[in-house]
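Biologist: Can you take me through this one? I'd like to start with the strands, then the domains and the interface.

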Amino acid sequence: MRRADTRRAGGTGLLVALAGFVLALALGLGLQALMQARLDRALAPDQAALLDTAANVAEQSLGRALAHDLPVAQLPGIEAWLETMRGNLGTDARIELELEGQTFSAGVAQAGDVARTRTLDPPGIDARLVFHLPRHAVPDGVAGSLWYPALVALAAALLGWVVFRLGAGRALVRSRARLEQRLALLDTGAFAADAPDTARAYGRMPADAALHALALRLEPVNLRHALLLQHAEGLRGIDFDGSLGAQVDEVLADLPGTWRDTTAVRR
Amino acid sequence: MGLSLRIAATLAAAVIAALAALWFPLREGALAQYERQHDTRMQFRLQTLLAEVENRVSYGLDLAETPNVQQMLEAVRADDPDIHAIEIFTPEGLVLFGTDRVLIGDRTSPEWLAMAPGNAAPGESVVGIAIRNNLGEEVGVLLLTAADGIGPGALAQGFARDGVLVLLAGFGLVLVAGWLVARRPHRDAAAFVAGLNGHPATGDSGQAGARADALIREAEAQLDRLSQRLAGVDDASR
C-alpha cells in the first residue's frame with residue numbers, strides 16, 4: 001500500500017519536474033529572445049553607423065587610388081585592404097567590394113548571415129560594398145548560446161523535483177497514507193468517526209478531503225450506534241430481575257467490528 | 001495551502017531560479033557585447049582618422065602646419081551625428097585642431113590628456129590615441145568624443161523590464177501548471193468520494209470508495225437489525 005503511495009507521489013514528482021523543464025525552457029527562450037531583440041535594437045544604430053563609416057573610408061580610399069587613373073583591375077592589394085578593414089571592424093563578417101563588375105572579398109559568410117549593402121560613389125565608378133553580418137548580435141559568454149537555456153531548464157526540472165519531494169510530495173504521501181490507514185481500519189470494522197478536533201487537523205491535500213468525506217459518511221453510522229447503545233442502556237435501566245440485561249448483551253455481542261476510537265490513527 | 005498552490009510554489013521557485021540563472025549572464029554578456037560593438041565603432045573611426053592624420057604627417061611637416069586637418073575633422077564630425085567632438089592636441093596639451101574652433105589654442109595638462117578617455121560626461125564616451133611621425137615619435141594626441149547611443153544604463157533597464165515581463169507571464173503559467181499537475185490527485189480523491197457516495201466507481205480510488213461505502217452500508221444494515229432486535233427485547237419486556 002505504502003509502495004503504491006510512493007509510486008503515485010513519484011509520478012506526480014515526475015510531472016512537476018516535466019512542468020518545471022517545459023516552463024523554464026519556454027520562459028527562458030522567451031527571455032532570451034526578448035533580450036536578444038533589445039540588444040539587436042540597441043546595436044543597430046551603432047552597426048549602421050559603423051558600416052557607413054567603413055563605406056566612407058572605402059569611398060575616400062578608392063577615390064584617391066582612382067585619381068591616379070589606374071584601371072580598376074590593376075588597383076593593388078584590394079583584398080588585403082578589405083582584410084584590414086575587416087580586422088578594424090572587429091567582426092567575422094565577410095566583406096565584398098563590387099567594383100565595375102568585379103568582386104573582391106575578404107572573410108567567409110556564415111549560414112543565416114544578412115547582407116547589408118552600401119553604395120560607394122567614387123567619381124565615374126560603379127562600386128558597392130556588401131557586408132555579410134550575423135543576423136543577431138550574440139551576447140558575450142555562455143548565456144547567448146542555444147544550449148544554455150536547455151541546461152538551465154534541466155536544472156530547474158531537477159530543482160522542482162527535489163523541492164516537491166521535500167515539500168508537497170511528502171505531504172501528499174502522508175495524506176494518502178492517512179487515508180489508506182483509515183480504510184485499512186475500516187476493513188477491520190472500525191467505524192467510529194474521527195473526533196471533530198482530529199477532523200479539523202486534516203491537511204489540505206486531496207486525500208485529506210477524501211478522509212474528511214469518509215468521516216462525514218461515518219457520522220450517521222456513529223449516530224445509529226450511539227442510539228443503539230442508549231437504547232441498550234435504557235433497557236438495562238429497567239432490568240429488575242437480570243433477564244433483560246442478558247438479552248441486551250446477547251444482541252450487542254453482534255455489533256459490527258470493534259467500534260474502537262480511531263483518533264489514534266497515526267498521521 | 002492546497003496541492004495546486006504548493007506545486008505552483010514549487011514550480012515558481014524552480015522557474016525563478018532558472019530565469020535568474022539565465023537573466024544575469026545574458027544581461028552581462030549583452031552589455032559586454034554592446035560595449036564592445038560601441039568601442040569597435042569608436043576605435044574604427046579613431047583608427048581611420050589616425051591613418052589620415054599620420055599619412056599627412058608622414059610628408060615631414062610639423063603637425064601644426066599639416067594642411068587640411070581642420071577641414072577633415074569638421075567633415076568627419078558633420079558626417080556622423082553621434083560624434084560630439086574631435087580634437088588634436090600636442091603631447092604637452094595644446095589644442096592644435098578641433099571641431100569646436102573656440103578651443104583651438106587652449107592648453108590643458110598632459111595628465112588631463114592621459115585621463116580624458118576615462119572621464120567622459122554621462123551619455124558620452126571618449127577614445128584617444130597618440131599620433132606618431134615616421135620616426136615613431138609622438139607628435140600629438142587625437143581625442144574623439146561621441147554619444148553613447150542608447151547607453152548601457154538604458155539597455156540594462158530594458159533588460160530588467162524584460163525580466164519582469166517574463167516573470168509575470170511565468171507567474172500565470174506556473175499557476176496553470178500547478179493546477180494541471182494536481183489534477184490527478186484531485187481526480188483520485190473525487191473518484192473515491194464518488195464511490196463512497198454510491199456513484200459509479202472509476203479507477204482504483206473509485207473502487208476503494210465503493211468498498212468503503214459497501215462496508216458502511218453493511219454496518220448500517222447490521223445496526224438496523226440489532227436495533228430491531230433490541231426493540232423486540234423491549235417489546236417483550238412490557
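Modeller: One term before we start: two strands count as paired if DSSP finds at least two bridges between them. Also, this is a predicted model.

Biologist: Fine. In the hairpin of strand 1 and strand 2 of chain B, which residue takes a positive phi?

Modeller: B:Gly93 does, with phi near 110°. That hairpin has five residues between the strands.

Biologist: How many bridges hold strand 1 and strand 2 of chain B, and in what sense do they pair?

Modeller: Three bridges, in the antiparallel sense. Within that pairing, B:Ile88 has B:Phe97 of strand 2 as its bridge partner.

Biologist: And which sense for strand 1 with strand 4 of chain B?

Modeller: Antiparallel again, over six bridges. Strand 4 covers residues 138-147 of chain B. B:Ala85 stands opposite B:Thr145 there.

Biologist: Is strand 1 of chain B mostly covered or mostly open?

Modeller: Mostly covered. Strand 1 spans residues 83-89 of chain B, and five of its seven residues are buried.

Biologist: Confidence next. What does chain B average in pLDDT?

Modeller: It averages 88, and 99% of the residues in chain B score at least 70. Among the elements of chain B, strand 2 (residues 95-98) has the highest mean pLDDT, 93. Helix 3 (residues 110-115) has the lowest, 85.

Biologist: What about the complex scores?

Modeller: The predictor gives an ipTM of 0.75 and a pTM of 0.75.

Biologist: Switching to domains. Where do they fall in chain B?

Modeller: Domain 1 of chain B runs 3-150 and domain 2 runs 183-237. Their centres, taken over C-alpha atoms, are separated by 84 Å.

Biologist: And what are the domains of chain A?

Modeller: Domain 1 of chain A is 2-144 and domain 2 is 171-252. For chain A, 77 Å separate the two centres, again over C-alpha atoms.

Biologist: What's the make-up of chain A?

Modeller: Seven helices and four strands. Along the sequence, chain A reads α-α-β-β-β-β-α-α-α-α-α.

Biologist: How much of chain A is buried?

Modeller: 33% of its 267 residues. Take the contacts in chain A between residues at least 6 apart in sequence: 71% of them join residues at least 24 apart.

Biologist: Which residues touch the most other members in the largest nonpolar core?

Modeller: From chain A, A:Ala24, A:Ala156 and A:Ala210; from chain B, B:Leu11, B:Val15 and B:Ala18. That core has 77 residues. Helix 1 of chain B gives the most to this core, with 15 residues.

Biologist: Let's pick A:Ala156. What is it in contact with, beyond its sequence neighbours?

Modeller: Leaving aside neighbours within four places in sequence, A:Ala156 is in contact with A:Gly20, A:Phe21 and A:Ala24 in chain A. Across in chain B, A:Ala156 is in contact with B:Ala14, B:Val15, B:Ala17 and B:Ala18.

Technical notes. Residues numbered from 1 in each chain as written. Chains lettered and ligands numbered in written order. Predicted model: local features only at pLDDT ≥ 70, side-chain atom pairs only at ≥ 80, totals over all residues. pLDDT = per-residue confidence, 0-100. Helix = DSSP H or I, 4+ residues; strand = E, 2+ residues; numbered from the N terminus. Domains from an automatic or database assignment. Buried ≥ 20, exposed ≤ 12 C-beta atoms within 10 Å, placed from the backbone. Contact = placed C-beta atoms within 7 Å. Core = buried A, V, L, I, M, F, W, Y, C linked by C-beta atoms within 7 Å.
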